[in-house]
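Colleague: I am new to this protein and would like to learn how to read its features one at a time. Could we go through them together, starting from the strands?

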Amino acid sequence: MFIFRVLPVFWALSVKADFFHFDSISNVSSYYFNYIYCNIWEGDCQPNQDDATQQVPARDLWPGFPQDYIRMMSEWYCSLGQCCESGDCRITNNITRMARDLQQKLHGQHLAQAVVLKAVQGFIENPDSNKPLTLSFHGWSGTGKNFVARIVADNLYRDGVKSECVRLFIAPFHFPHIRLVDVYKGQLREAIRDMVLRCPQTLFIFDEAEKLHPGLIDAIKPYMDHYDNVDGVNYRRAIFLFLSNLGGAAINEVALDFWHSGQNREDIGMEDLEHRLRADAMEAQGGFAQSELLSGHLIDFFVPFLPLEYRHVKFCARDAYLARGIQPTEPTLDEVAKAMLYVPKEEKLFSAQGCKSIPQRIHFFLP
């Protein structure tokens with residue numbers, strides 16, 4: 001009976017097909033057929049965010065689409081339980097849980113905890129922001145930059161980093177060849193534009209940002225600037241995260257100075273690091289430093305990630321064991337922590353790998 005109610009909708013669409021692009025009609029029909037098959041008939045299928053037939057059709061894609069049919073399709077779609085009071089079930093914006101996750105799961109990063117929470121919360125609670133939110137994460141590998149990006153995604157979107165409103169770019173993987181930079185520019189602009197049209201709030205993560213060609217960043221610089229729109233598209237509800245190892249040496253130097261002077265690392269403030277991070281980023285080699293993103297002052301916050309100490313490595317090991325349902329003992333956690341490499345050689349204070357290799361190492365130290 002249900003399918004017979006749906007068929008007239010598709011028949012009505014086919015009658016008006018002459019007014020639209022046939023590939024758009026095909027994507028609409030395929031999406032709703034897949035939804036029925038997967039969720040109503042409980043067919044054996046696996047959604048794919050890169051497949052147009054698995055993506056929620058956006059009104060912006062077809063400005064000439066008759067409003068009566070758009071409303072009819074939207075009402076039917078919402079009747080299946082796919083709409084929320086917020087207007088989009090894909091977006092959760094759970095700031096309370098984000099604060100808890102940053103406090104309980106992120107170790108040794110009091111500055112990142114405070115700055116990221118304040119920045120994201122302020123952006124989410126201000127629907128009239130005059131520009132997208134742009135954050136730049138800096139620090140050694142393994143200190144938590146990717147981990148925090150995942151926490152942000154998990155708490156702003158129902159499906160976390162797998163959400164069709166979230167896109168991760170890894171510089172060496174997605175843009176490996178300098179000779180193809182002009183091709184990458186077009187692909188990157190199109191990917192960002194399409195996602196902004198598809199989702200009312202988007203998250204873009206650029207990992208290893210220091211390896212991006214300056215032309216690539218400058219190509220999308222207008223999307224992060226103070227514009228009402230770019231070519232008719234409003235990018236002000238987008239969030240851009242740039243993850244980089246730039247400034248890691250300066251951050252470590254400040255942390256070591258505090259340790260030598262007998263001060264607690266928790267006493268390190270943004271005033272001790274932000275200016276140095278900005279200066280280091282401007283002077284560094286590589287595309288990220290040479291882009292207009294820095295010279296145009298479009299980064300809202302430089303977020304420092306401090307080097308991790310022995311006690312923080314133990315916390316990471318504990319979390320890794322608990323995630324596997326194993327209750328570790330203190331001697332086991334000490335074994336894992338002692339197996340890591342620490343620097344400088346004299347003090348052996350900071351973990352050279354951070355917590356990055358912990359999940360692989362714990363298998364060798366079962367409690």
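Colleague: How many bridges join strand β1 to β4, and do these strands run parallel or antiparallel?

Modeller: Strands of a sheet pair through backbone hydrogen bonds, and the pairing is either parallel or antiparallel. Please keep in mind that this is a predicted model. Here β1 (residues 133–139) and β4 run parallel and are joined by six bridges, and one place to look is Leu 135, whose bridge partner in β4 is Leu 241.

Colleague: In which sense does strand β3 pair with β4, and over how many bridges?

Modeller: Strand β3, which covers residues 202–207, pairs with β4 in the parallel sense, over five bridges. To follow the pairing by residue, find Phe 206, whose bridge partner in β4 is Phe 242, and Leu 203, which stands opposite Ile 239 of β4.

Colleague: What is the order of the strands in the open sheet?

Modeller: The open sheet has five strands in the order β2-β3-β4-β1-β5, and their pairing is parallel. Because β2 (166–170) and β5 (301–305) each have a single partner strand, they stand at the edges, and one side of each is left without a neighbour in the sheet. Direction ignored, neighbouring strands of this sheet are turned by 15 degrees against each other on average.

Colleague: Are the residues of strand β4 mostly buried or exposed?

Modeller: A residue counts as buried when its relative accessible area is under 20%. Strand β4 spans residues 238–244, and seven of its seven residues are buried. Both faces are covered, with Ala 238, Phe 240, Phe 242 and Ser 244 buried on one side and Ile 239, Leu 241 and Leu 243 buried on the other.

Colleague: Which strands does helix α5 lie across?

Modeller: Helix α5, residues 110–124, lies across β1, β4 and β5, and it runs at about 150 degrees to β5.

Colleague: And for the protein as a whole, how many helices and strands are there?

Modeller: The secondary structure comes to 16 helices and seven strands, and buried residues make up 48% of the 367 residues.

Conventions: Residues numbered from 1 in each chain as written. Predicted model: local features only at pLDDT ≥ 70, side-chain atom pairs only at ≥ 80, totals over all residues. Heavy atoms only, no water. Buried < 20%, exposed > 50% of the residue type's maximum accessible area, 1.4 Å probe, protein only. Helix = DSSP H or I, 4+ residues; strand = E, 2+ residues; numbered from the N terminus. Pairing = 2+ DSSP bridges. Axes fitted to C-alpha atoms, helices over the stretch in contact; angles between N-to-C directions. Contact = heavy atoms within 4.5 Å.
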